[in-house]
Amino acid sequence: MADIQKMLEEVKGMTVLELNELVKALEEEFGVSAAAPVAVAAAPAAAAEAPAAEEKTEFKVSIKDIGPKKIDVIKAVREFTTLGLGEAKALVESLGVIKENATKEEADKMIARFKEAGATVVAE
């Protein structure tokens with residue numbers, strides 16, 4: 001039990017960026033995902049049922065390049081998420097996913113805003 005307490009204390013002392021790297025390492029090591037199980041389970045079912053000709057209605061919006069205005073990009077992330085300043089900065093630095101299951105309108109709005117901030121984002 002003492003080992004668990006030591007690990008908890010070590011995790012408490014980590015920065016958001018270090019925690020992000022830890023989560024990624026755990027996901028790779030054990031072949032799991034930290035994403036919500038409902039979203040993971042729903043995505044394959046929706047993909048299997050959707051005909052190939054049907055237009056895509058949900059998008060995953062990700063940062064591909066920060067560009068020269070990092071602070072503006074962090075502000076844009078905060079506009080579209082509920083993340084605090086530290087988490088938004090870590091997301092920008094890791095070129096992470098801004099939003100999953102965004103509608104086409106949301107994705108287009110986000111792409112335009114991030115382009116304005118000097119970043120490159122993609123909706124997949």
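Trainee: Why is Arg113 called buried in this predicted model?

Mentor: Arg113 has a relative accessibility of 18%, and buried means under 20%, so Arg113 counts as buried. As for its place in the fold, Arg113 sits in helix H6, which covers residues 104–116.

Trainee: What makes the link between the side chains of Arg113 and Glu79 a polar contact?

Mentor: The side chains of Arg113 and Glu79 are joined at 2.9 Å, and the cut-off for a pair of N or O atoms is within 3.5 Å, so the pair is counted as a polar contact.

Trainee: Why is Glu93 called partly exposed?

Mentor: The relative accessible area of Glu93 is 28%, and partly exposed is the class between under 20% for buried and over 50% for exposed, so Glu93 is placed in that middle class. Glu93 belongs to helix H5, residues 85–93.

Trainee: How do you know how helices H4 and H5 are arranged?

Mentor: Two packed helices are described by the angle between their axes and by the distance between those axes. For H4, residues 70–80, and H5, the angle is about 115 degrees and the axes are 9 Å apart. The crossing of H4 and H5 is right-handed. On the H4 side the contact involves Lys70, Val73, Ile74, Val77 and Arg78, and these meet Leu85, Ala88, Lys89, Leu91, Val92 and Glu93 in H5. Sorted by class, the residues in this contact are seven nonpolar, no polar and four charged.

Trainee: What makes the phi values of Leu95 and Asn101 worth a remark?

Mentor: Most residues other than glycine have a negative phi. Leu95, however, has a phi near 55 degrees, which is positive in a residue other than glycine, and Asn101 has a positive phi near 60 degrees, likewise in a residue other than glycine. Leu95 lies in the loop between H5 and strand S2, the strand being residues 97–102, whereas Asn101 is found in strand S2.

Trainee: Why are Leu95 and Asn101 called partly exposed?

Mentor: Leu95 has a relative accessible area of 38% and Asn101 has a relative accessibility of 42%; because the class lies between under 20% and over 50%, Leu95 is partly exposed, and Asn101 is partly exposed as well.

Trainee: What is the pattern of the protein chain along the sequence, and how much of the chain is buried?

Mentor: The protein chain has six helices and three strands, in the order α-α-α-β-α-α-β-α-β along the sequence. Of its 124 residues, 19% are buried. The protein chain exposes about 8700 Å², with carbon and sulfur atoms supplying 59% of that area.

Notes: Residues numbered from 1 in each chain as written. Predicted model: local features only at pLDDT ≥ 70, side-chain atom pairs only at ≥ 80, totals over all residues. Heavy atoms only, no water. Helix = DSSP H or I, 4+ residues; strand = E, 2+ residues; numbered from the N terminus. Buried < 20%, exposed > 50% of the residue type's maximum accessible area, 1.4 Å probe, protein only. Polar contact = N/O pair within 3.5 Å; in protein donor to acceptor, adjacent residues only side chain to side chain. Axes fitted to C-alpha atoms, helices over the stretch in contact; angles between N-to-C directions. Left-handed = near helix turned anticlockwise from the far one by under 90°. Contact = heavy atoms within 4.5 Å. Nonpolar A, V, L, I, M, F, W, Y, C, P; charged D, E, K, R; others polar. Areas by Shrake-Rupley, 256 points an atom, 1.4 Å probe, with all protein chains shown as cover.
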